[in-house]
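Colleague: I am new to this structure. Please take a close look at the strands and how they pair into sheets.

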Amino acid sequence: MNQESTIEPINVSSSKFGVLIENQIVVLDDAKHVIGVDSSHGRNLIIENIKNRKADKFRWRGDQLNNITTLVYDEDTGFLYTGDNFSNLFKYKLDKTSKTCERVKHFKDPRIGQIFSSHRFLRFVFFGGNWGRISVLDLSTGKLLPGHLETSMEWIYSLQVCVKSKDEIYLAVSGRYTEYCEDKTDLFDLTDLLIVDSMIHQKYLK
């Protein structure tokens with residue numbers, strides 16, 4: 001590719017999405033539907049079919065101040081999970097055919113502060129906040145695991161699971177306002193939590 005080459009889009013969204021930090025927009029596996037945060041009203045969700053450029057907006061009563069900061073979508077179940085800057089973690093049932101998005105669960109205060117980041121790895125979703133903590137959701141049970149991971153980052157902006165080998169699976173954390181000490185780090189060994197999952201071998205250790 002030379003310097004004068006251009007890349008032409010296949011589809012163009014008709015909506016204006018607001019993306020301030022990671023994972024505020026999701027492209028579904030069908031490469032047709034996009035879920036994101038409304039740039040005009042950060043408490044609203046937009047679900048758009050970018051093939052025909054038709055979009056639907058969703059807003060829930062009582063959400064006057066909280067802005068959605070991170071999104072995770074589970075293709076297998078059709079559940080959408082959102083975190084916001086008022087420490088709320090919500091679960092929604094999304095139906096692309098009927099174009100509905102119903103809130104079905106409010107996880108009572110995961111105690112990680114404002115939720116800034118999320119990362120899904122297999123059946124686990126990691127959520128990071130501005131209290132330097134990470135909470136973990138098990139999609140197979142729909143429940144948060146007890147306790148938290150205490151990190152060296154006060155504000156957690158990014159999370160990433162890295163598989164080095166079957167005996168080395170790590171969660172890397174980045175953000176701002178760091179405080180490193182003996183019991184606070186930005187790298188966690190998840191091997192004992194994840195090694196029993198056969199999907200790791202199928203997808204990451206070929």
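Modeller: Two strands count as paired if DSSP finds at least two bridges between them. Strands are DSSP runs of E with at least two residues, and they are numbered from the N terminus. This is a predicted model, where local features need pLDDT of at least 70, side-chain atom pairs count only at pLDDT 80 or more, and totals for chains, interfaces and linings use all residues. Residues are numbered from 1 along each chain as its sequence is written, and side-chain values use heavy atoms, with hydrogens and water left out.

Start with the sheet of β5, β6, β7 and β8. These four strands form an open sheet in that order. Their pairing is antiparallel. From one strand to the next, the twist averages 25°. Such angles lie between axes, lines fitted to C-alpha atoms, and run from 0 to 180 degrees between N-to-C directions.

Now look at one pair in this sheet. Strand β6 covers residues 79-84, and six bridges join β6 to β5. The two run antiparallel. Within this pair, Leu71 stands opposite Thr82 in β6.

Turn to the other sheet. Here β1, β2, β3 and β4 form an open sheet of four strands, in the order β1-β2-β3-β4. The pairing is antiparallel. Its edge strands are β1 (25-27) and β4 (54-58), and each pairs on one side only. Neighbouring strands are turned by 15° against each other on average, direction ignored.

Inside this sheet, β2 (residues 33-37) pairs with β3 (residues 45-49). Five bridges hold the antiparallel pairing. Val37 stands opposite Leu45 in β3.
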